[in-house]
Amino acid sequence: MNSPYMGKFRVSQEYKGSTHDGLDLVGIDSKEIHSTVNGTVVHAGWENSSDHSQGFGQYVKIKQTDTDDYYYFGHLSEISVTVNQTVKITDVIGVEGSTGNSTGSHCHYCVRVGGVKGQHKDISAISGIPNELGTYDDGYRETATDTTTATTATNSTTTYTVAESDTLWAIASKLLGDGSRYMEIKALNNLKSNIIHVGDVLEIPES
């Protein structure tokens, strides 16, 4: 799962294609919004500077590196990045809010091909966030291991098949007894991000 939040969050409105082209998400553990892709910021500000009640209000749009996919993070109360800034996965880009056409604090999270409205992709399938109202846990936490080299995995391993709502942190907690050891799983499987999908088979180091 790859959400814009660190830790627990809630899906308050599902992806419905053309009638609602993204997921509405509400942070529980934190209101900070994190980039979910490596890319370049192409918009960071109001959708309509003369009418702050319109559309996404304050939003950030990021063009994913080497693709024509543009990721949107809407209704923000604060923005922490600027246009043309390069960002990577987990970088803080803003704070959840209720700007624009919004009835409550949340982040509208969607992806559009070419940055064109109507050219949406299924953000639930891409991110691994369930397209269902409920509370979920991204599994990402800031730990000392995030800024250091991951512990080298041993040669003795087992395998685990990713189930629905699993995260690397949750798998490490369940199988290794310590969520912060997710970096070992990540290194052992040569994962470039925290994104995992149902059905993936992961090698797990011995606990």
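Val 37 is buried, at 3% relative accessibility (buried means under 20% relative accessible area, exposed over 50% and partly exposed in between, with a 1.4 Å probe and protein chains only). The model is predicted, so that local features need pLDDT of at least 70 and side-chain atom pairs count only at pLDDT 80 or more, while totals for chains, interfaces and linings use all residues. Residues are numbered from 1 along each chain as its sequence is written, and side-chain values use heavy atoms, with hydrogens and water left out.

Val 37 lies in the loop between β3 (32-34) and β4 (39-46); strands (E, at least two residues) are DSSP runs, numbered from the N terminus. Beyond four places in sequence, Val 37 contacts Ile 62, Gln 64, Tyr 71, Val 87, Lys 88 and Ile 89, contact meaning heavy atoms within 4.5 Å.

An open sheet is formed by eight strands in the order β8-β4-β5-β6-β10-β2-β1-β11, with antiparallel pairing (two strands pair if DSSP finds at least two bridges between them). β8 (86-87) and β11 (134-137) each have a single partner strand and stand at the edges, so one side of each lacks a neighbour in the sheet. Four bridges join β1 (residues 8-13) and β2 (residues 22-27) in the antiparallel sense.

Tyr 109 is located in strand β10 (residues 107-113) and is buried, with a relative accessible area of 1%. Residues touched by Tyr 109 include Asn 2, Tyr 71 and Ile 129.
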